[in-house]
Amino acid sequence: MAEGFDIDHLAKLARLSLTAEEKALYSSQLNQILGHFQALADADLPATIDDARVVNEDALRSDEPGLVLGAEAVTRIAPASRDGQISVPRVVDDES
Amino acid sequence: MADALHTLSAAELGRRLAAGSLTSRALCEALIARYQVINDKVGAFTHLDQADVLAQAAASDVRRKAGQGRGPLEGIPVAIKDNIAVKGQPLTCSSKMLASLVSPYDSHVAERLRSAGAILYGRLNRDEFAMGSSTENSALRKTFNPWDLARIPGGSSGGSAAALAAGLVPLSLGSDTGGSIRQPASHCGVVGLKPTYGLISRFGLVAFASSLDQIGPMARSIEDCELLLNALASADARDMTCFGPSDRALTPAGDAKKLRIGIPKGFLGKGVAPEVAAAVNAAIEFYRAQGCAISEVELPSADLAVPTYYVVATAEASSNLGRYDGVRYGHRSASAGTPVEMMTASRSEGFGPEVKRRILLGTFVLSAGYADAYYVRALRARSKIRAEYLAALAGVDVLLTPTVPTPAFKVGEKASDPLQLYLEDIFTIPANLAGLPAISVPCGKSGHLPVGFHLVGAPLSEAKLLAAGRLFEAAHGFAHQQATL
């Protein structure tokens, strides 16, 4: 069940940069944990899924814009902001 | 009197406040004085804004004097786990990722506590993003078990339990995804209740695994736990899975001596420490002597609970924690180049080892080619576990087991073996998977270390769990217990 484990691919998917030591440690630990999951592969399981949650469809608010926090509160907790907006590294090149 | 205030229950403090023999300000001053002496030993709190606490207390005293008291929690301090938003207070999740975040809004439970007149009293340490069973995974500080400072308090709500056991606060809030209220409650000798999924709004609770997470009350007695539960349960349109207060859950149950108690077959055997088994067996015999009907029940898929939980919880965590990208809030790496490099560096610098481990595991079980083998099978296993618990609870009122197989272990003892640590939650996880209410009640000691038993009930059976706990508590000396520090 645990074959095909690729720590570099997983780290890329998870947007994590791992050192060589971390890769070795996590590979070993995850393989051990996934071995414990073998019980799931061997189990006789129902075909249907019931996850116990009752979602209240009536809880949907009307689809209208409204003030939640406001720009000042949002930019105050942002790592970087300018002119009332959150700033990030350049996403699009000048020529694009 | 001031010296003894930390030993009193919230209910008794409320009675003194109502009678006018105590002010909230005097109470908070006494607790702050104790905090200044005790907290560095125990490490329960990561933050306490003393001026804000005293201002809240003064406002409460003014309300009370004006005849505008808001109920039994008026003027009572409630400490809050640091993953539950309180406007103007840190919301760190005990992580470097959110180390500088101050919450711009109140969670629903914080709103409820304010409207009840409670004092929102400080931030409690926990495992980073609630991932852990020992509070050793906090990036901010270590928390120690007040009963033995060389041992862990449990986790992830370790600060919430340790603060109660150390007499630092009469009430606290925790959150429970796989046992994070009940396991530390057991290790610290206090009461911890995980409500039915949906009874309390999760709005403002930092998401770990959304289909499992619940906020719940922690206290040194059943009476106090019930007091806090009643204040928290309330409808909230901001959480689609919250159905709000329920008379069935909150109305005091009938005669606890008539309860039918199921003992899951095999749960007191392999892996349970002899002293824990002895304390839990004594509790079973107590209930039998009281007239409760005791019977053995079958839960044949119990062995699937831990692997099922760690697939579902890590899958949801890997998705929920995708929001920490260094853009809108939280840590942003100074070494940023492109946006993707910034996100990767920010996450790698901000998250600790256990969080990274669970994100990687969750990413794997959801990845193309593996999702059916792991995630979908885990959802099917979850359905089976839930069906078996509901079937068992059709024949009995509550299920009784140990809360944790062993007493609190030494700090560092299991730090390098995550799988062993995951097995700490073997008895508590099924209630989260099945959405059921569950409580840990102190029932004895293993040497000097507290032991608790665990009750699980059908959906909305909180009142039965509390009634059963109250019956036991009234006949034993474990209510209001505190460690000597």
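**View 1. Where chain B meets chain A in this predicted model.** Chain B puts 56 residues into the contact, and chain A puts in 43. On the side of chain B that touches chain A, the elements giving two or more residues are α10 (305-320), α11 (339-350), α12 (353-366), α13 (372-395) and α14 (418-422). Top contributor here is α13(B), with eleven residues. Sorted by class, this side of chain B has 31 nonpolar residues, 14 polar ones and eleven charged ones.

**View 2. The largest nonpolar core.** This core counts 165 residues. Look for Val78(B), Ala163(B), Val191(B), Val311(B), Val398(B) and Leu455(B), which have the most contacts inside it. The largest share of the core comes from α10(B), which supplies nine residues.

**View 3. Zooming in on Val78(B) and what it touches.** Leaving out residues up to four places away in sequence, Val78(B) touches Leu113(B), Ala118(B), Ile119(B), Leu120(B), Tyr121(B), Leu171(B), Ser172(B), Leu173(B) and Leu228(B). One of these, Leu113(B), takes us to the helix in the next view, where it is a buried residue of α4(B).

**View 4. Helix α4 of chain B and its cover.** Within α4 (residues 108-115), the buried residues are His108(B), Val109(B), Ala110(B), Arg112(B) and Leu113(B). Their cover includes β2 (77-81), β3 (119-124), β4 (171-176), β6 (214-219) and α7 (222-232), again from chain B. After the helix comes Gly117(B), with a positive phi near 85 degrees.

How values were computed
Residues are numbered from 1 along each chain as its sequence is written. Chains are lettered from A and ligands numbered from 1 in the order in which they are written. This is a predicted model: local features need pLDDT of at least 70, side-chain atom pairs count only at pLDDT 80 or more; totals for chains, interfaces and linings use all residues. A residue is buried if 20 or more other C-beta atoms lie within 10 Å of its own, exposed if 12 or fewer, and partly exposed in between; C-beta atoms are placed from the backbone. Helices (H or I, at least four residues) and strands (E, at least two) are DSSP runs, numbered from the N terminus. Two residues are in contact if their C-beta atoms, placed from the backbone, lie within 7 Å. Ala, Val, Leu, Ile, Met, Phe, Trp, Tyr, Cys and Pro count as nonpolar, Asp, Glu, Lys and Arg as charged, and the others, Gly among them, as polar. A nonpolar core is a set of buried Ala, Val, Leu, Ile, Met, Phe, Trp, Tyr and Cys residues joined through C-beta atoms within 7 Å.
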